[in-house]
Amino acid sequence: MDLTFSEEQDELRKVVRSFLTRHATEADVRRLAADPSGYDPVVWRRMATEIGLQGLAVPEKYGGSGFGYVDLGVVFEETGRALLCAPYFATVALAAETLLRCDDERARGDLLPGIASGATVATLALTEESGRWDEAAIRLTAHDEAGGWRLTGVKTYVLDGHLADLLLVAARTPSGVSLFAVESGAPGLARTPLPTLDQTRKQARVEFTNTPARLLGPEGAAWAALERTLATASVLLAAEQVGGAVAALDAAVEYAKIREQYGRPIGSFQGIKHKCADMLVEIESARSAAYGGLWALDAGDEAETAISAALAQAFCSEAFTKVAGDNIQVHGGIGFTWEHPAHLYLKRAKSSEVLLGTPSYHRELLAARLGI
């Protein structure tokens with residue numbers, strides 16, 4: 001396993017960081033967090049046209065660049081560092097990955113080019129009222145009638161579901177769990193934004209009332225593809241969490257250098273030194289877990305990916321939350337204020353901790369996959 005980056009990947013990081021430094025400032029994050037849409041369409045288009053982020057890991061025959069998952073992980077680490085407000089995770093880590101994993105070549109040819117070009121904002125609607133990410137939790141039904149498939153039921157906690165042009169929906173048919181595509185203007189589709197702790201990442205409740213949908217892949221055969229998608233998304237989320245944790249540590253260290261108490265920088269006190277050192281240990285361990293998952297994805301080892309994804313998500317979720325909380329502790333009173341950005345990272349950490357299942361859920365997955 002090689003956990004070092006190539007020169008090209010280092011350059012990719014520099015390009016993405018430079019772009020986000022200009023277009024995802026703290027002021028941008030606060031502005032878009034308060035905006036109902038949650039993102040800037042102009043910046044979204046520039047992400048696609050100037051540096052090709054939406055299509056980075058999409059094969060060239062579908063309009064993408066054909067890069068690997070390690071490259072994509074570099075991007076997610078940087079978006080996490082900047083707290084990017086955009087439907088990037090929903091579109092790339094969930095929707096595009098689902099299309100790549102499902103057994104439907106025609107659907108890939110029809111839908112992936114729009115995602116790669118930035119023209120289509122997409123998401124995956126999987127969770128329901130239980131909030132669970134397992135196969136048994138899927139209750140929304142689909143029935144085949146004259147004229148095509150129809151969906152009835154509710155999905156909730158759908159990332160960027162209020163604005164997505166394309167929704168990929170997991171539904172239950174007589175043959176099992178199947179995957180469907182629903183366009184944003186479909187009749188019987190109702191979308192309601194949800195109040196969230198983390199305002200930088202929007203979620204929605206989506207209701208389907210006899211809504212027309214397109215079946216993707218064979219009926220009843222979607223869960224295997226969805227399971228692989230969730231493993232991939234877990235690794236990419238772990239990379240994003242590492243980026244956020246690094247930003248929190250950088251902020252804590254910088255503040256410890258300039259904040260003085262009793263005539264000396266607080267970073268000179270043993271308690272602060274130890275806290276920052278502990279934060280660094282958490283980050284380096286999380287980084288190894290996330291990078292190991294990215295390596296497994298690029299190696300194409302599905303068994304290793306399933307194990308690495310559960311491990312990475314269980315560890316990185318808790319590591320980000322701890323580091324973001326410790327950052328506030330280092331800042332003291334000012335760290336608890338609305339005006340300081342520390343709370344933005346803590347809120348992102350807490351929301352990401354449950355986004356694809358809690359750490360305990362992923363530890364259960366890990367134990368099951370290891371046969372424990």
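A: On the surface, a patch of negative charge is formed by Glu7, Glu8, Asp10 and Glu11. A patch here is built from residues with over 30% relative accessible area and no salt bridge, with like charges joined within 9 Å and nonpolar side chains (Val, Leu, Ile, Met, Phe, Trp, Tyr) joined within 5 Å. Asp and Glu count as negative and Lys and Arg as positive, while His and the chain ends are not counted; each charge is placed at NZ of Lys, CZ of Arg, CG of Asp or CD of Glu. The accessible areas come from the Shrake-Rupley method with a 1.4 Å probe, and for residues only the protein chains shown count as cover.

This is a predicted model, in which local features need pLDDT of at least 70 and side-chain atom pairs count only at pLDDT 80 or more, whereas totals for chains, interfaces and linings use all residues. Residues are numbered from 1 along each chain as its sequence is written, and side-chain values use heavy atoms, with hydrogens and water left out.

Helices (H or I, at least four residues) and strands (E, at least two) are DSSP runs, numbered from the N terminus. Asp10 has a relative accessibility of 36% and therefore counts as partly exposed, where buried means under 20% relative accessible area, exposed means over 50%, and partly exposed is in between, with a 1.4 Å probe and protein chains only.

Other charged residues are paired in salt bridges, of which the structure holds 27; such a bridge is a side-chain nitrogen of Lys or Arg within 4 Å of a carboxyl oxygen of Asp or Glu. One of them joins Glu77 to Arg13, with 3.4 Å between the closest N and O atoms. Glu77 is in helix H4 (residues 69-82) and Arg13 in helix H1, so this pair ties together parts that are 64 residues apart in sequence. Both partners, Glu77 and Arg13, are buried.

Arg30 is partly exposed at 24% relative accessible area, and Glu26 is partly exposed at 35%.

In helix H8 (residues 270-299), Arg287 and Glu284 are 3 residues apart, about one turn of the helix, and they form a salt bridge whose closest N and O atoms are 3.2 Å apart. Glu284, with a relative accessible area of 36%, is partly exposed. A network of salt bridges links Arg287 and Glu284 with Arg13, Arg17, Glu77 and Glu78.

Gln241 sits in helix H7 (residues 223-258) and is buried, with a relative accessible area of 1%. When its neighbours within four places in sequence are left aside, Gln241 is in contact (heavy atoms within 4.5 Å) with Gln313, Cys316, Ser317, Phe320, Ser352 and Glu353. Ser352, one of these partners, is found in helix H10 (residues 342-355) and counts as buried at 0% relative accessibility. Leaving aside neighbours within four places in sequence, the contacts of Ser352 include Arg201, Leu237 and Glu240 as well as Gln241. Arg259, by contrast, is 93 residues from Ser352 in sequence and 30 Å from it in space, C-alpha to C-alpha.

Tyr62 lies in the loop between helix H3 (41-50) and H4, and with a relative accessible area of 5% this tyrosine is buried. Not counting residues up to four places away in sequence, Tyr62 touches Leu100, Glu105, Arg108, Gly109, Leu112, Pro113 and Ala116. From Tyr62 to Cys316 there are 254 residues in sequence and 32 Å in space, C-alpha to C-alpha.

Two further tyrosines deserve a look for their backbone angles. Tyr157, in strand S3 (residues 148-159), has a phi near 55 degrees, a positive value in a residue other than glycine, and is partly exposed at 40% relative accessible area. Tyr262 also has a positive phi, of about 55 degrees, although it is not a glycine; Tyr262 is in the loop between strand S8 (260-261) and strand S9 (264-265), and at 72% relative accessibility it counts as exposed.
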